[in-house]
Number of protein chains: 2
Amino acid sequence: MQNNNNFIPNIKRSELFAGISEKDIQQMLVCFNAKKKKYCEGQVIFSGGEKIDQMGIVLSGRVYMESNDITGNKSIIRELAVGDILGDLYALSRNGRLIFDAVAHEDAELLFIDVDKVMTPCAKACTRHLTTMKNLLTELAGKACNLDRKLSHMSMRTTREKLMSYLREEANHQGTENVTLKFNRQELADYLCVDRSAMSKELQKMKKDGLIDFSGNKFKITG
Amino acid sequence: MQNNNNFIPNIKRSELFAGISEKDIQQMLVCFNAKKKKYCEGQVIFSGGEKIDQMGIVLSGRVYMESNDITGNKSIIRELAVGDILGDLYALSRNGRLIFDAVAHEDAELLFIDVDKVMTPCAKACTRHLTTMKNLLTELAGKACNLDRKLSHMSMRTTREKLMSYLREEANHQGTENVTLKFNRQELADYLCVDRSAMSKELQKMKKDGLIDFSGNKFKITG
DNA sequence: CACCCTCTGTTGCATTTGACACATACTGAT
DNA sequence: ATCAGTATGTGTCAAATGCAACAGAGGGTG
């Protein structure tokens, strides 16, 4: 591991180390064989089909899990921010092969950790080991719930329903009717797996029908 | 827990108890406060919005996680068979609230287990406790991967692409080009979130175009 | 300012899809 | 055999969607 541990405050934001002191984290990072790596915007971090045995924690920047199919359609599967964990579900599953690409959406720094080091209690009695395993379980369960939530939007039959489903959840999550999206229009369309222009049309119709109001990426549910 | 433990062979098929002897399983079931329960076909096991702190292991029958929206559209999110675990990702996540309904698709028996009992090492030193935690992590990761796989089908823009994506994965999973589906047409449509009649038409077109061949629920990818 | 680039909305058109109705098996029960 | 019920495929039509092309609004840079 590198000498400069100035990323420790950021790593504390990760669910993996919840309830663990900075001092203990530093010890564990050695134990977990943690390695820091930088990525430029657009750079591929993991690519679909690849077999991995490390998971990455986002220290800075944003990362997208995305699918780029043969016909040129991009789909944003999920979006990862600082503290989020990348690739854990593949590295921890039996076959370990990625389905999607992980791409740096902005310049980003990641800290990579060997998953088997997390899964296997180490010899030097890391007392916090059990805590990280429990944290990982919670994190993984949360991620799976988010996938379920995304599926609930995707299972809607029309673009309008997909948008409402997504916006309602965002409103719920952000705790206000006035929702600020992190996506631009193209990204929102890629996230909901619909055509951008068709979505743009539908958004206008929904505004006219009094369902929503919006300006830029500030949305409000009104219906 | 009931006296008749004749379901132990079935429970051994669950990933949760992988690598644990029958004798140890019996002890752990007491420790986990396991309770068996029967459900009739069509009966709701968990319903959307409900908060849960138990997970269920399918001892017999089949269970669907499904979404039933206001407009009457059903979507089959996933299908659980004997040995599969139900509700774990909700029970283990922070908020613990279900998004979908879990419904018995056939008469079914489930064994319910307290998740916090699994998460907390017990006083009477269950040596196998760590194993179940690791197993649960693997199972959860595998489930999340399946959700990702499902998302990869759903993100396809056309019914034809959704079908091909799904069939290719099934072929891959079943290890043969001759795929036997567990779904009937309506269920397949509900799984891929498309209209049944439209899908039926598309299947015929795909057959005519030489992409696939099928009869009943036996499919073959030919293109 | 002129230029380039990106983002968003708009339009027209061809295709796909969903909804509904109905015909045709096939199944199981009586 | 008869009947009811279910599963599957077909036909028609309206609506939704994708696609391509373009216009206008910024935003940054030389």
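Guide: A backbone N or O atom of Thr159(B) lies 2.7 Å from a phosphate oxygen of DNA strand C. The model is a predicted one, and every distance given here is computed from it. Asp195(B) also uses its backbone, with an N or O atom 3.0 Å from a phosphate oxygen of DNA strand C.

In total, 16 residues surround DNA strand C, and the closest are Arg185(A), Arg196(A), Gln204(A), Thr159(B) and Asp195(B). Sugar or phosphate supplies 56% of the atoms of DNA strand C that lie within 4 Å of the protein, while the rest belong to bases. Sorted by class, the surface near DNA strand C has 3 nonpolar, 7 polar and 6 charged residues. Helix H8 of chain A and helix H8 of chain B each contribute at least two residues to this surface. H8(A) gives the most, with 5 residues.

We may now turn to DNA strand D. Of the atoms of DNA strand D within 4 Å of the protein, sugar and phosphate account for 56%. A phosphate oxygen of DNA strand D is 2.9 Å from a backbone N or O atom of Arg185(B). Bases are contacted as well: a base nitrogen of DNA strand D lies 3.2 Å from an N or O atom in the side chain of Ser197(A). For the side chain of Arg196(B), an N or O atom is likewise 3.2 Å from a base nitrogen of DNA strand D. The elements that give two or more residues to the surface near DNA strand D are helix H8 (196–208) of chain A and helix H8 (196–208) of chain B. Here H8(B) provides the largest share, 5 residues. The classes on this surface number 3 nonpolar, 7 polar and 6 charged residues.

The relation between the two protein chains deserves a word at this point. Two copies of a chain are related by a rotation about an axis and a shift along it. In this model, chain A is superposed on chain B by a rotation of 180° with 0.0 Å of shift along the axis, at an RMSD of 0.1 Å. This is the relation of a two-fold axis. Within chain A, Ala144(A) has the C-alpha nearest the axis, 2.6 Å from it.

The charged end of Lys207(A) sits over the ring of Phe214(A), 4.2 Å from its centre. In chain B, Lys207(B) lies over the face of Phe214(B), at 4.2 Å from the ring centre.

Over all chains there are 14 aromatic pairs. One of them joins Phe17(B) and Phe32(B), whose ring centres are 6.4 Å apart and whose planes stand at 35°, so the pair is tilted. Phe17(B) lies in the loop between helix H1 (8–11) and helix H2 (22–31) of chain B, and Phe32(B) in the loop between H2 and strand S1 (35–39), so the pair ties together parts that are 15 residues apart in sequence. Both Phe17(B) and Phe32(B) are buried. A stacked pair is formed by Phe214(B) and Phe219(B), with 5.0 Å from centre to centre and 15° between the planes. Phe214(B) and Phe219(B) are buried too. In chain A, one aromatic cluster is made up of Tyr64(A), Tyr166(A), Phe183(A) and Tyr191(A).

The loops of chain B hold two further points of note. Most residues other than glycine have a negative phi. Cys193(B), however, has a positive phi of about 60° although it is not a glycine. Cys193(B) is placed in the loop between helix H7 (185–192) and H8 of chain B, and it is buried, with a relative accessible area of 8%. Asn33(B), which is not a glycine either, also has a positive phi of about 60°. Asn33(B) belongs to the loop between H2 and S1 of chain B, and at 27% relative accessibility it counts as partly exposed.

Definitions and conventions
Residues are numbered from 1 along each chain as its sequence is written. Chains are lettered from A and ligands numbered from 1 in the order in which they are written. This is a predicted model: local features need pLDDT of at least 70, side-chain atom pairs count only at pLDDT 80 or more; totals for chains, interfaces and linings use all residues. Side-chain values use heavy atoms; hydrogens and water are left out. A residue is near a molecule or strand if one of its heavy atoms lies within 4 Å of it. A polar contact is a pair of N or O atoms within 3.5 Å; within protein, one must be able to donate a hydrogen and the other to accept it, and residues adjacent in sequence count only if both atoms are side-chain atoms. Helices (H or I, at least four residues) and strands (E, at least two) are DSSP runs, numbered from the N terminus. Ala, Val, Leu, Ile, Met, Phe, Trp, Tyr, Cys and Pro count as nonpolar, Asp, Glu, Lys and Arg as charged, and the others, Gly among them, as polar. Rings of Phe, Tyr and Trp (its six-membered ring) pair if their centres lie within 6.5 Å; planes under 30 degrees apart count as stacked, over 60 as edge-to-face and the rest as tilted. Buried means under 20% relative accessible area, exposed over 50%, partly exposed in between (1.4 Å probe, protein chains only). A charge sits over a ring if NZ of Lys or CZ of Arg is within 6 Å of the ring centre and within 35 degrees of the ring normal. Copies are superposed by least squares on the C-alpha atoms of residues with pLDDT of at least 70 in both.
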